[in-house]
Amino acid sequence: MAKKMPKTDVVVVGVGWGGGIIASELTKQGLNVVGLERGQERHTEDYYMVHDELRYAVRYELMQDLSKETLSFRSNEKMRALPMRQYGSFLMGSGLGGAGVHWNGQTFRFLPYDFNIKSATIERYGKNKIPAGMTIQDWGITYDEIEPYYDKFEKMAGISGEENPLGGKRSDKYPTKPMKHSEQMKMFKKATENLKYHPYTVPSANLSEAYENPDGIKRSACQYCGFCERFGCEYGAKADPVVTVIPVANKTGKFDLRTHSWVRKVLHNGDKATGVLYTDVTTGEEIEQPADVVVLTSYVFNNARLLLNSKVGRPYDPSTGKGVIGKNYAYQVVKGAATGYFDDQKFNNFAGAGALGMVIDDFNGDNFDHSDLDFIHGGYLSLTQTGQRPIQNNPIPSDSPTWGKEFKQNSLKYINKTLSVGAMGASMPFQHHYLDLDPTYKDTFGDPIVRMTFDFEEQDRKLAKFTAKKASGILKEMGADKIDAMEELGPYNITTYQSTHNTGGVIMGADSETSAVNNYLQMWDMENLFVVGASAFPHNGGYNPTDTVGALAYRAAEGIMKYSKNGGMLA
Amino acid sequence: MDKEVISLADDKNKEQAERERLSRRRFIKNSGYAVGGLAVGGVLGGVIPWDTDEKKTNPQTKNNKTTNFTHALMNFSQNEFKMVEAASERIFPKDENGPGAKELGVAYYIDHQLAGSYGLNARDYMQPPFFHGEKVQGYQGRLRRKEIFRIALKEMQNYSQKKYKKSFANLSAEEQDAILTDFAEDKVNLMTVSPSGFFDLLRSMTLEGVYSDPLYSGNKDMDGWRMRNFPGNQMSYSDIITGDFKEIPPKSLREHM
């Protein structure tokens, strides 16, 4: 028999960006919130030894412990799904702040096109432009409707930037000035201007200057130390939930944060959630937390898994396309990139920041004509300088040996003489890309893990070739003496790192038949259950997802306040 | 060491300490701690106590004459150690740029890593059932890294004896390269481990030993970093981020103690 805790107004499951924002917004307005986080507590002072590439970047210190929970993967339904036994393609966060601690801080808004992608594509190119099996759909919210929430997230996090000349309309400028421009960024800017593109500085959650946000949180400026992705920031310069929203929630006295609390089920009675069941991982004790409102704010995979394991919502059926939980899993197409070798120049490649870079959107969304192209959408092209640490960065020309004397000499020679132009290719959903429960493999408590069925499609292969070619063109204009560019995308491979931009599974929309949550991220099938995160994206745009996750979390917080006053479906 | 050399070294240490003190002050200023007038937490608060008299001398240069007591074995036998030392040296050999894997202590690094959580795959999903997977699904074996090394090194020794009638560590560099190539390209038939899987693991652990912080027993004296102008653990690059390439002497995490 599980121990029963006193009822609370709201329980959030997972305390990263989603849980942190929900908790701070609701507690400020007087609601009592219990935050359940299965990992440990974290503070900036934990990072005195953070400049350790081996421990953090190679051994994944901040990531979810795969021995306790992983997911299984297959390329298609004919293949046997097998567990992801070691990290590769993407890195799930764990502990207070979640993936919001080890992110790079690149904070882009999606384009207006993204939110009504299906109608906009049909309007401009006709419905035959959408290939069979591609399940794009409008988001049930427009860019103009989501814009105020983007603004709110950017002001809370102190995003440093300048306006995207090809982006959606902004109600206000970024709260802090753009990051400094390094030599390589200046070269990218000049080259892309020569090519008549529209460069701008990557919007950054690594603060360009000291900043105090509207909640009174004060943070210091980025030191360009080169340890952002996979690391926590010891200066608190990089916005993460631990240094921004969680202290705000704590200060209200209305936030009850419980770490080491592993939520296993959403409890429900009829069409209402009644609370959650969790295990205290330090004692093994099972605990029931009743609540008026349950908010799932875990990572993409766990949001979907919790619903499926709790038998909430209609599971997706890939053979009919009906059902919604697990539908439209999407990822990112980042391999369409190029590296340039510069014989006569040397760069400070060891220095940098997670979101230091220049970018163009000339080939993103529908900013360019797709009439003669056999793919839709696109991606941004950028030069980012995140700090090249030595174990993971040994750039050598593609035709040279990978070990031995020549490898050593090339890797030493080129480390500070190479620059890369990367692409953040959008990922379109397909009917047979989805998440469900694995029939064989279990987590540490015996609950089924998530099974992912996903592969790259023709759309992705064409898109990647296109962006690789454009990336080469920019490097050529920058004066590279030799350029290596991706030639063929190949199949999706879970063993090589690409991006931790997993999306979908509990998608939003205007129609309860085709989406799981409405535009307040309230479940159509259970009105006091909200599911917050990139799990709500019906497709993945050509950008890093965090700004949109943050904006949707603010939107959901507003919805939960409305719901707790008046009840009922909000949309 | 004679007296003159000692006093020169002391002067150098003082100079170094002074430079560090100044650069820390500049760091505090640049970070906005002083100029922004904001009271902030995190490491910035901790920067001030570091800037004390305790740090007048640099422990890294001062102690370089003492014995490195971490150079002993936790996992390998002496023979296994010799093989790993020889094999990693072929992957990252000594040349005119500087030391190779052997001199950098890479074999000690690998030994120590295999004895710990990485060698035991403590944070990997190791639950059954085990099935042969597709390449895109990643490692699906039941063996842990420590066991893979033990089995593969034995196989490599057998292969070496069969092919050249000598143990691997006693082969010429060319012969060692030939054997490693056969492993890397799966030209050896082994029953229980993948030859290329082992080679890839050996290669990645060699690079880790060359370039990880010296606290892990490799990258001796930070020479792995020095060869490629990697400055290691610096507080800030605010001053150089907008400028031309700059060589900066490396620092290790020992600096934070």
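Modeller: Buried area is the accessible area (1.4 Å probe) that two parts lose on being put together, summed over both. This is a predicted model, where local features need pLDDT of at least 70 and side-chain atom pairs count only at 80 or more, while totals for chains, interfaces and linings use all residues. Residues are numbered from 1 along each chain as written, chains are lettered from A in written order, and side-chain values use heavy atoms, without hydrogens or water.

Colleague: Okay, what area is buried between chain B and chain A?

Modeller: About 6700 Å², with carbon and sulfur atoms giving 58% of that. In chain B, Arg123(B), Tyr125(B) and Arg228(B) lose the most area to chain A, together 14% of what that side buries.

Colleague: And how many residues of chain B are in contact with chain A?

Modeller: Contact means heavy atoms within 4.5 Å. Here 81 residues of chain B touch 81 residues of chain A.

Colleague: How many salt bridges are there between the two chains?

Modeller: Look for a side-chain nitrogen of Lys or Arg within 4 Å of a carboxyl oxygen of Asp or Glu. The count between chain B and chain A is 3. Asp95(B) and Lys408(A) pair up in a salt bridge, at 3.0 Å from N to O.

Colleague: Which elements of chain B give two or more residues to that side?

Modeller: Helices are DSSP runs (H or I, at least four residues), numbered from the N terminus. Among those on the chain B side are helix 1 (3-30), helix 4 (78-91) and helix 9 (195-211) of chain B. Helix 9 of chain B gives the most, with 5 residues.
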